[in-house]
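Open the model in your viewer and keep the selection panel at hand. The tour goes from a surface feature to the whole chain.

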Amino acid sequence: MNKLLLVDGNFLLSRAFFSPMLDLQSSTGERTKIVFLFLKELIHIYEEVQPSYALCVFDCPREDCWRRLLYPAYKANRKEKGKDFGLD
């Protein structure tokens, strides 16, 4: 039987960003903690579920996103990620 894995990419990225783990950096000083933890969790989920197909989806960062237009309080109580998050 075929399995479809749907992943909330924004959730995994936020989880990685707010992780208490110390920052990781490449030899050139690029921050790599978010990418490392995101991929580590994605691989873990993929190996556990063993899907036939996988899709990772992300919310749009724009203010005119359809969810914000329908519900202005969407994500109103979330912590700010700031420029270090790198998606804005």
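Which strands each supply at least two residues of the nonpolar patch? Select 4-8 and then 53-57: these are strand 1 and strand 2, and each of them meets that count. Keep in mind that this is a predicted model.

**Stop 1: the patch.** Select Leu 4, Leu 6, Tyr 53, Leu 55 and Val 57. Together they make a nonpolar surface patch of about 530 Å². Colour the selection by strand. Strand 2 gives the most, with three residues.

Stop 2: Centre on Val 57, which sits in strand 2. Is Val 57 buried or exposed, or partly exposed? Its relative accessible area is 43%, so Val 57 counts as partly exposed. The cut-offs explain the label: buried means under 20%, exposed means over 50%, and partly exposed lies in between.

**Stop 3: the fold.** Switch to cartoon and show the protein chain. It has three helices and two strands. Trace the chain along the sequence: the pattern reads β-α-α-β-α.

**Stop 4: the whole chain.** Now colour by burial. Of the 88 residues in the protein chain, 23% are buried.

**Last stop: contacts.** Residues 24 or more positions apart account for 60% of them.

Notes. Residues numbered from 1 in each chain as written. Predicted model: local features only at pLDDT ≥ 70, side-chain atom pairs only at ≥ 80, totals over all residues. Heavy atoms only, no water. Patch = residues over 30% accessible without salt bridge, like charges linked within 9 Å, V, L, I, M, F, W, Y side chains within 5 Å. Areas by Shrake-Rupley, 256 points an atom, 1.4 Å probe, with all protein chains shown as cover. Salt bridge = Lys/Arg side-chain N within 4 Å of Asp/Glu carboxyl O. Helix = DSSP H or I, 4+ residues; strand = E, 2+ residues; numbered from the N terminus. Buried < 20%, exposed > 50% of the residue type's maximum accessible area, 1.4 Å probe, protein only. Contact = heavy atoms within 4.5 Å.
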